[in-house]
Amino acid sequence: MPRSGPCYRHRLTRACRTALLIGLMAVISGCGIKYAQDDGRRLDDKLVSAIRATGNGLAVLRPAIEKSSRSRPAECERQWELPFVTVSSEALTPDEKVAWVRFFGVDERPTVVGAAPGSSLGWGEKIARINRYSSSDGNEMQSYLLELRDLGAPFTVTNARGKRVSVEPFEVCRGRVRIAPRDAPDTQNYHWLESTHPLPVFSTEPSADEALWIVLWTQGLSETAGARMKAYHYAYLPLRALIKAALLLNSVNAIAKAAEISGAALANQAGSAIGGSVLSGAAQTRSSSILFDSSKNREALEGVSWVAGTQFEEADAWALERILELGANPAAAIGLHHKLTAIGHGQNAFVFDEPRLHALQKLSDEKKLNIRWTSLLDPQIKKPADENPLDR
(Lines give C-alpha, C1' and ligand atoms only; values in the text may rest on other atoms or scores of the structure.)
Protein backbone atom coordinates (compact mmCIF):
# COMPACT_ATOMS: atom_id res chain seq x y z
CA MET A 1 0.00 0.00 0.00
CA PRO A 2 1.70 3.25 -1.07
CA ARG A 3 2.55 5.73 1.58
CA SER A 4 1.83 9.39 1.13
CA GLY A 5 2.18 12.63 3.06
CA PRO A 6 3.97 15.96 2.91
CA CYS A 7 7.05 14.59 4.68
CA TYR A 8 7.26 11.20 3.00
CA ARG A 9 10.74 10.34 1.61
CA HIS A 10 12.11 13.64 2.99
CA ARG A 11 10.15 15.65 0.49
CA LEU A 12 9.59 18.41 3.03
CA THR A 13 7.03 21.05 2.29
CA ARG A 14 7.35 24.47 3.90
CA ALA A 15 4.68 23.54 6.45
CA CYS A 16 6.49 20.35 7.37
CA ARG A 17 9.87 22.08 7.74
CA THR A 18 8.27 24.71 9.96
CA ALA A 19 6.57 22.11 12.14
CA LEU A 20 9.80 20.15 12.58
CA LEU A 21 11.74 23.30 13.40
CA ILE A 22 9.24 24.35 16.04
CA GLY A 23 9.31 20.88 17.56
CA LEU A 24 13.12 20.83 17.59
CA MET A 25 13.28 24.25 19.24
CA ALA A 26 10.80 23.13 21.89
CA VAL A 27 12.93 20.07 22.68
CA ILE A 28 16.15 22.10 22.79
CA SER A 29 14.63 24.86 24.93
CA GLY A 30 13.26 22.28 27.36
CA CYS A 31 16.55 20.42 27.79
CA GLY A 32 18.24 21.11 31.10
CA ILE A 33 15.47 23.28 32.53
CA LYS A 34 14.46 22.11 35.98
CA TYR A 35 11.74 24.09 37.63
CA ALA A 36 11.32 24.34 41.39
CA GLN A 37 9.64 21.38 43.04
CA ASP A 38 8.47 20.58 46.54
CA ASP A 39 11.10 18.24 47.96
CA GLY A 40 9.25 17.87 51.25
CA ARG A 41 11.76 19.84 53.31
CA ARG A 42 10.74 21.40 56.61
CA LEU A 43 10.17 25.14 56.28
CA ASP A 44 10.49 27.90 58.86
CA ASP A 45 7.10 28.87 60.29
CA LYS A 46 7.73 32.59 59.72
CA LEU A 47 8.62 31.95 56.09
CA VAL A 48 5.47 29.88 55.57
CA SER A 49 3.31 32.55 57.22
CA ALA A 50 4.82 35.31 55.06
CA ILE A 51 4.47 33.41 51.78
CA ARG A 52 0.89 32.42 52.56
CA ALA A 53 -0.03 35.98 53.52
CA THR A 54 1.50 37.34 50.31
CA GLY A 55 -0.12 34.76 48.04
CA ASN A 56 -3.52 35.00 49.70
CA GLY A 57 -3.33 38.78 49.63
CA LEU A 58 -2.58 38.85 45.91
CA ALA A 59 -5.42 36.41 45.28
CA VAL A 60 -8.09 38.39 47.14
CA LEU A 61 -6.91 41.77 45.85
CA ARG A 62 -7.18 40.97 42.14
CA PRO A 63 -11.01 40.60 42.03
CA ALA A 64 -11.26 43.71 44.21
CA ILE A 65 -9.11 45.67 41.77
CA GLU A 66 -11.32 44.59 38.89
CA LYS A 67 -14.45 45.49 40.86
CA SER A 68 -13.05 48.94 41.60
CA SER A 69 -12.92 49.60 37.84
CA ARG A 70 -16.73 49.64 37.80
CA SER A 71 -16.60 52.87 39.80
CA ARG A 72 -15.30 55.44 37.35
CA PRO A 73 -15.32 58.91 38.92
CA ALA A 74 -14.55 61.46 36.24
CA GLU A 75 -12.01 63.31 38.34
CA CYS A 76 -9.59 60.48 39.16
CA GLU A 77 -6.26 59.91 37.45
CA ARG A 78 -6.17 56.57 35.65
CA GLN A 79 -3.75 53.67 35.31
CA TRP A 80 -3.90 50.22 33.73
CA GLU A 81 -4.29 46.86 35.44
CA LEU A 82 -4.40 43.21 34.35
CA PRO A 83 -7.23 40.76 35.08
CA PHE A 84 -4.71 38.42 36.71
CA VAL A 85 -1.55 38.67 38.80
CA THR A 86 1.50 36.43 38.47
CA VAL A 87 4.44 35.47 40.66
CA SER A 88 7.80 34.00 39.65
CA SER A 89 10.17 32.32 42.10
CA GLU A 90 13.15 33.29 39.97
CA ALA A 91 16.17 34.36 42.10
CA LEU A 92 14.49 33.41 45.40
CA THR A 93 16.16 31.25 48.05
CA PRO A 94 15.66 27.48 47.86
CA ASP A 95 13.33 27.54 50.88
CA GLU A 96 11.26 30.35 49.37
CA LYS A 97 10.97 28.46 46.10
CA VAL A 98 9.72 25.36 47.88
CA ALA A 99 7.21 27.42 49.88
CA TRP A 100 5.81 29.06 46.74
CA VAL A 101 5.47 25.78 44.85
CA ARG A 102 4.02 23.98 47.89
CA PHE A 103 1.26 26.46 48.68
CA PHE A 104 0.57 28.17 45.34
CA GLY A 105 2.09 25.96 42.64
CA VAL A 106 4.51 28.76 41.67
CA ASP A 107 7.86 28.01 40.04
CA GLU A 108 10.28 30.16 38.05
CA ARG A 109 7.73 30.70 35.28
CA PRO A 110 5.20 33.53 35.81
CA THR A 111 2.33 31.72 37.54
CA VAL A 112 -1.17 33.09 38.08
CA VAL A 113 -1.96 33.37 41.82
CA GLY A 114 -4.98 35.65 41.53
CA ALA A 115 -7.55 36.27 38.80
CA ALA A 116 -10.63 38.42 38.38
CA PRO A 117 -13.90 36.88 37.18
CA GLY A 118 -13.75 36.39 33.43
CA SER A 119 -9.95 36.44 33.26
CA SER A 120 -8.53 34.61 30.25
CA LEU A 121 -5.94 33.00 32.56
CA GLY A 122 -6.96 31.18 35.72
CA TRP A 123 -5.31 30.29 39.00
CA GLY A 124 -2.19 28.15 38.65
CA GLU A 125 -1.65 28.70 34.91
CA LYS A 126 1.94 29.34 33.87
CA ILE A 127 2.95 31.75 31.14
CA ALA A 128 5.39 30.38 28.57
CA ARG A 129 5.23 33.18 25.98
CA ILE A 130 4.06 36.79 25.85
CA ASN A 131 3.25 37.81 22.27
CA ARG A 132 6.29 36.39 20.51
CA TYR A 133 8.62 36.84 23.46
CA SER A 134 9.85 34.07 25.72
CA SER A 135 12.68 33.87 28.23
CA SER A 136 14.01 31.31 30.68
CA ASP A 137 14.34 34.18 33.19
CA GLY A 138 11.00 34.52 34.98
CA ASN A 139 11.78 38.03 36.20
CA GLU A 140 12.36 39.23 32.64
CA MET A 141 9.02 37.74 31.65
CA GLN A 142 7.37 39.49 34.59
CA SER A 143 8.91 42.82 33.60
CA TYR A 144 7.71 42.50 30.01
CA LEU A 145 4.23 41.63 31.24
CA LEU A 146 4.11 44.85 33.26
CA GLU A 147 5.41 46.89 30.33
CA LEU A 148 2.53 45.66 28.19
CA ARG A 149 0.09 46.29 31.04
CA ASP A 150 1.11 49.94 31.19
CA LEU A 151 0.65 50.36 27.43
CA GLY A 152 -3.00 49.43 27.89
CA ALA A 153 -3.34 47.63 24.55
CA PRO A 154 -4.50 44.00 24.16
CA PHE A 155 -1.77 41.36 23.80
CA THR A 156 -1.52 37.59 23.72
CA VAL A 157 0.01 35.07 26.10
CA THR A 158 0.64 31.36 25.68
CA ASN A 159 0.40 29.11 28.69
CA ALA A 160 2.57 26.08 29.46
CA ARG A 161 0.10 23.78 27.65
CA GLY A 162 0.45 25.78 24.45
CA LYS A 163 -2.94 27.49 24.66
CA ARG A 164 -2.88 31.04 23.33
CA VAL A 165 -5.27 33.59 24.81
CA SER A 166 -5.89 37.32 24.51
CA VAL A 167 -5.33 39.64 27.48
CA GLU A 168 -7.00 43.03 27.75
CA PRO A 169 -5.76 45.51 30.39
CA PHE A 170 -8.46 47.59 32.04
CA GLU A 171 -8.46 51.08 33.57
CA VAL A 172 -8.78 51.85 37.27
CA CYS A 173 -8.24 54.93 39.37
CA ARG A 174 -4.58 55.53 40.09
CA GLY A 175 -3.09 54.07 43.28
CA ARG A 176 -1.80 50.50 43.20
CA VAL A 177 -1.73 48.28 46.26
CA ARG A 178 1.63 46.76 47.14
CA ILE A 179 2.31 44.14 49.81
CA ALA A 180 5.39 44.59 52.00
CA PRO A 181 8.18 42.07 51.28
CA ARG A 182 8.92 39.14 53.53
CA ASP A 183 12.26 40.56 54.67
CA ALA A 184 10.65 43.88 55.69
CA PRO A 185 7.09 42.91 56.68
CA ASP A 186 6.25 46.12 58.56
CA THR A 187 7.03 48.40 55.62
CA GLN A 188 4.43 51.05 54.88
CA ASN A 189 5.03 53.58 52.17
CA TYR A 190 2.52 55.98 50.61
CA HIS A 191 2.96 57.54 47.17
CA TRP A 192 0.67 59.02 44.54
CA LEU A 193 1.30 56.07 42.19
CA GLU A 194 1.16 53.22 44.69
CA SER A 195 1.14 52.43 48.39
CA THR A 196 2.86 49.58 50.20
CA HIS A 197 0.95 48.14 53.14
CA PRO A 198 2.46 45.95 55.88
CA LEU A 199 2.35 42.19 55.45
CA PRO A 200 0.29 41.66 58.66
CA VAL A 201 -2.63 43.44 56.95
CA PHE A 202 -2.86 40.45 54.61
CA SER A 203 -2.10 37.78 57.20
CA THR A 204 -5.60 38.52 58.55
CA GLU A 205 -7.05 36.91 55.39
CA PRO A 206 -9.18 39.88 54.30
CA SER A 207 -12.67 39.12 53.04
CA ALA A 208 -13.72 40.23 49.55
CA ASP A 209 -15.25 43.46 50.89
CA GLU A 210 -12.28 44.13 53.17
CA ALA A 211 -9.97 43.72 50.16
CA LEU A 212 -12.18 46.12 48.22
CA TRP A 213 -11.86 48.67 51.04
CA ILE A 214 -8.05 48.34 50.89
CA VAL A 215 -8.07 48.92 47.12
CA LEU A 216 -10.50 51.83 47.18
CA TRP A 217 -8.77 53.47 50.14
CA THR A 218 -5.39 53.28 48.39
CA GLN A 219 -6.88 54.79 45.24
CA GLY A 220 -8.56 57.46 47.34
CA LEU A 221 -5.27 58.40 48.98
CA SER A 222 -3.68 58.83 45.55
CA GLU A 223 -6.56 61.00 44.41
CA THR A 224 -6.95 63.20 47.51
CA ALA A 225 -3.31 63.46 48.59
CA GLY A 226 -1.58 63.19 45.22
CA ALA A 227 -1.18 66.94 44.65
CA ARG A 228 0.31 67.50 48.11
CA MET A 229 2.66 64.55 47.78
CA LYS A 230 3.87 65.77 44.39
CA ALA A 231 4.37 69.30 45.72
CA TYR A 232 6.43 67.99 48.60
CA HIS A 233 8.49 65.76 46.34
CA TYR A 234 9.12 68.29 43.57
CA ALA A 235 9.25 71.49 45.63
CA TYR A 236 10.44 70.86 49.15
CA LEU A 237 13.01 68.10 48.59
CA PRO A 238 15.02 69.97 45.89
CA LEU A 239 14.90 73.13 47.99
CA ARG A 240 16.21 71.22 50.97
CA ALA A 241 19.16 70.22 48.81
CA LEU A 242 19.61 73.90 47.94
CA ILE A 243 19.70 74.78 51.63
CA LYS A 244 22.35 72.12 52.24
CA ALA A 245 24.42 73.50 49.36
CA ALA A 246 24.08 76.99 50.80
CA LEU A 247 25.32 75.74 54.14
CA LEU A 248 28.35 74.25 52.47
CA LEU A 249 29.05 77.59 50.84
CA ASN A 250 28.57 79.28 54.20
CA SER A 251 26.33 81.84 52.57
CA VAL A 252 23.82 83.42 54.96
CA ASN A 253 22.01 85.19 52.13
CA ALA A 254 21.68 81.98 50.16
CA ILE A 255 20.27 80.17 53.18
CA ALA A 256 17.72 82.92 53.77
CA LYS A 257 16.70 82.97 50.12
CA ALA A 258 16.30 79.18 50.02
CA ALA A 259 14.18 79.23 53.16
CA GLU A 260 11.99 81.98 51.69
CA ILE A 261 11.45 80.05 48.47
CA SER A 262 10.79 76.84 50.40
CA GLY A 263 8.13 78.44 52.56
CA ALA A 264 6.37 80.03 49.60
CA ALA A 265 6.44 76.86 47.56
CA LEU A 266 5.00 74.76 50.32
CA ALA A 267 2.30 77.30 51.12
CA ASN A 268 1.23 77.64 47.50
CA GLN A 269 1.63 74.11 46.22
CA ALA A 270 1.26 71.77 49.16
CA GLY A 271 -1.20 73.65 51.34
CA SER A 272 -0.91 74.85 54.88
CA ALA A 273 -1.37 71.35 56.33
CA ILE A 274 2.15 70.38 55.25
CA GLY A 275 3.74 73.18 57.20
CA GLY A 276 1.82 72.41 60.36
CA SER A 277 0.98 69.45 62.52
CA VAL A 278 -0.05 66.23 60.82
CA LEU A 279 -3.24 66.21 62.83
CA SER A 280 -4.20 68.46 65.69
CA GLY A 281 -6.88 66.00 66.77
CA ALA A 282 -4.54 63.04 66.68
CA ALA A 283 -2.17 64.74 69.09
CA GLN A 284 -4.95 64.78 71.66
CA THR A 285 -5.30 61.02 71.67
CA ARG A 286 -3.80 59.73 74.90
CA SER A 287 -4.95 56.13 75.13
CA SER A 288 -2.26 53.48 74.97
CA SER A 289 -4.78 51.02 73.51
CA ILE A 290 -4.10 49.63 70.06
CA LEU A 291 -7.43 51.15 69.01
CA PHE A 292 -5.86 54.60 69.12
CA ASP A 293 -2.28 53.73 68.28
CA SER A 294 -2.54 54.60 64.59
CA SER A 295 -2.49 58.33 65.41
CA LYS A 296 1.10 57.88 66.54
CA ASN A 297 1.69 55.85 63.42
CA ARG A 298 0.77 58.79 61.21
CA GLU A 299 3.01 61.13 63.16
CA ALA A 300 5.91 58.71 62.72
CA LEU A 301 5.67 58.65 58.91
CA GLU A 302 8.38 60.48 57.00
CA GLY A 303 8.77 62.32 53.71
CA VAL A 304 6.08 61.83 51.09
CA SER A 305 4.39 59.26 53.33
CA TRP A 306 4.11 61.88 56.10
CA VAL A 307 2.37 64.22 53.66
CA ALA A 308 0.01 61.40 52.72
CA GLY A 309 -0.83 61.04 56.42
CA THR A 310 -2.43 64.47 56.40
CA GLN A 311 -5.11 63.12 54.04
CA PHE A 312 -6.11 59.81 55.60
CA GLU A 313 -9.56 61.20 56.49
CA GLU A 314 -10.11 62.25 52.89
CA ALA A 315 -9.07 58.79 51.67
CA ASP A 316 -11.58 57.27 54.11
CA ALA A 317 -14.37 59.44 52.70
CA TRP A 318 -13.37 58.66 49.12
CA ALA A 319 -13.39 54.91 49.80
CA LEU A 320 -16.73 55.10 51.63
CA GLU A 321 -18.37 56.85 48.67
CA ARG A 322 -17.10 54.25 46.19
CA ILE A 323 -17.80 51.16 48.25
CA LEU A 324 -21.39 52.30 48.61
CA GLU A 325 -21.59 52.95 44.87
CA LEU A 326 -20.39 49.39 44.20
CA GLY A 327 -22.98 47.91 46.55
CA ALA A 328 -20.41 46.37 48.91
CA ASN A 329 -20.41 46.48 52.70
CA PRO A 330 -18.81 49.70 54.03
CA ALA A 331 -18.68 48.16 57.53
CA ALA A 332 -16.03 45.79 56.15
CA ALA A 333 -13.56 48.51 57.12
CA ILE A 334 -14.59 47.96 60.74
CA GLY A 335 -14.08 44.21 60.38
CA LEU A 336 -10.57 44.79 59.02
CA HIS A 337 -9.87 47.20 61.89
CA HIS A 338 -10.95 44.53 64.41
CA LYS A 339 -8.78 41.86 62.80
CA LEU A 340 -5.71 44.07 62.96
CA THR A 341 -6.27 45.17 66.54
CA ALA A 342 -6.76 41.51 67.48
CA ILE A 343 -3.19 40.74 66.37
CA GLY A 344 -1.89 43.95 67.96
CA HIS A 345 -0.84 45.63 64.72
CA GLY A 346 -1.66 49.33 64.71
CA GLN A 347 1.15 50.51 62.43
CA ASN A 348 -0.88 50.61 59.23
CA ALA A 349 -3.53 52.69 57.49
CA PHE A 350 -6.44 50.40 58.32
CA VAL A 351 -6.55 50.77 62.09
CA PHE A 352 -8.50 53.98 62.66
CA ASP A 353 -7.53 56.71 65.09
CA GLU A 354 -10.04 58.93 66.87
CA PRO A 355 -10.16 61.83 64.37
CA ARG A 356 -10.76 59.45 61.47
CA LEU A 357 -13.56 57.67 63.32
CA HIS A 358 -15.33 60.94 64.13
CA ALA A 359 -15.00 62.06 60.50
CA LEU A 360 -16.42 58.76 59.23
CA GLN A 361 -19.23 58.91 61.77
CA LYS A 362 -20.22 62.38 60.61
CA LEU A 363 -20.21 61.33 56.97
CA SER A 364 -22.20 58.15 57.70
CA ASP A 365 -24.78 60.12 59.67
CA GLU A 366 -25.17 62.51 56.75
CA LYS A 367 -25.80 59.54 54.46
CA LYS A 368 -28.15 57.97 57.01
CA LEU A 369 -26.05 54.82 57.27
CA ASN A 370 -26.62 52.80 60.39
CA ILE A 371 -22.91 52.34 61.13
CA ARG A 372 -21.43 53.26 64.51
CA TRP A 373 -17.81 53.98 63.71
CA THR A 374 -17.27 55.69 67.05
CA SER A 375 -18.18 52.45 68.85
CA LEU A 376 -14.58 51.44 68.07
CA LEU A 377 -13.48 53.98 70.66
CA ASP A 378 -14.76 51.57 73.30
CA PRO A 379 -12.02 48.94 73.77
CA GLN A 380 -14.61 46.49 75.14
CA ILE A 381 -16.29 46.21 71.74
CA LYS A 382 -14.38 43.63 69.73
CA LYS A 383 -16.95 41.92 67.54
CA PRO A 384 -16.51 42.73 63.83
CA ALA A 385 -19.42 44.37 62.02
CA ASP A 386 -20.46 41.71 59.52
CA GLU A 387 -23.93 43.00 58.72
CA ASN A 388 -24.25 45.10 55.61
CA PRO A 389 -26.41 48.16 56.39
CA LEU A 390 -27.44 48.21 52.73
CA ASP A 391 -29.32 44.95 53.31
CA ARG A 392 -31.68 46.57 55.81
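In this predicted model, the side chain of Thr86 makes a polar contact with the side chain of Gln142, at 2.4 Å. Thr86 belongs to strand β2, which covers residues 84-87. Because its relative accessibility is 10%, Thr86 counts as buried, the cut-off for that class being under 20%. Leaving aside residues up to four places away in sequence, Thr86 touches Pro110, Thr111, Val112, Ile127, Gln142 and Leu145.

The space within the largest pocket is about 930 Å³. Several elements contribute to its lining: α2 (45-68), β2, α3 (94-104), α4 (138-151) and β8 (176-179) each provide at least two residues. In terms of class, the lining of this pocket consists of 16 nonpolar, nine charged and six polar residues.

The model also contains two cavities of 30 Å³ or more. The largest cavity holds about 40 Å³ of space. Among the residues lining the largest cavity are Ile65, Gln79, Glu81, Arg176 and Gln219, and β1 (78-81), β7 (170-173), β8 and α6 (208-249) each supply at least two residues of that lining. Five residues of this lining are nonpolar, three are polar and two are charged.

The second largest cavity holds about 30 Å³. Its lining is formed by Ser69, Ser71, Arg72, Cys76, Arg78, Glu171, Val172 and Cys173. Strand β7 gives the largest share of this lining, with three residues. By class, the lining of the second largest cavity comprises three nonpolar, two polar and three charged residues.

Technical notes. Residues are numbered from 1 along each chain as its sequence is written. This is a predicted model: local features need pLDDT of at least 70, side-chain atom pairs count only at pLDDT 80 or more; totals for chains, interfaces and linings use all residues. Side-chain values use heavy atoms; hydrogens and water are left out. Helices (H or I, at least four residues) and strands (E, at least two) are DSSP runs, numbered from the N terminus. Buried means under 20% relative accessible area, exposed over 50%, partly exposed in between (1.4 Å probe, protein chains only). A polar contact is a pair of N or O atoms within 3.5 Å; within protein, one must be able to donate a hydrogen and the other to accept it, and residues adjacent in sequence count only if both atoms are side-chain atoms. Contact means heavy atoms within 4.5 Å. On a 1 Å grid over the protein atoms alone, a cavity is a set of points where a 1.4 Å probe fits but cannot get out, and a pocket is an open set with protein on both sides within 12 Å along at least five of seven lines; lining residues have an atom within 4 Å of a point. Grid points are joined across faces, edges and corners, and a volume is the space filled by probe spheres set on the points. Ala, Val, Leu, Ile, Met, Phe, Trp, Tyr, Cys and Pro count as nonpolar, Asp, Glu, Lys and Arg as charged, and the others, Gly among them, as polar.
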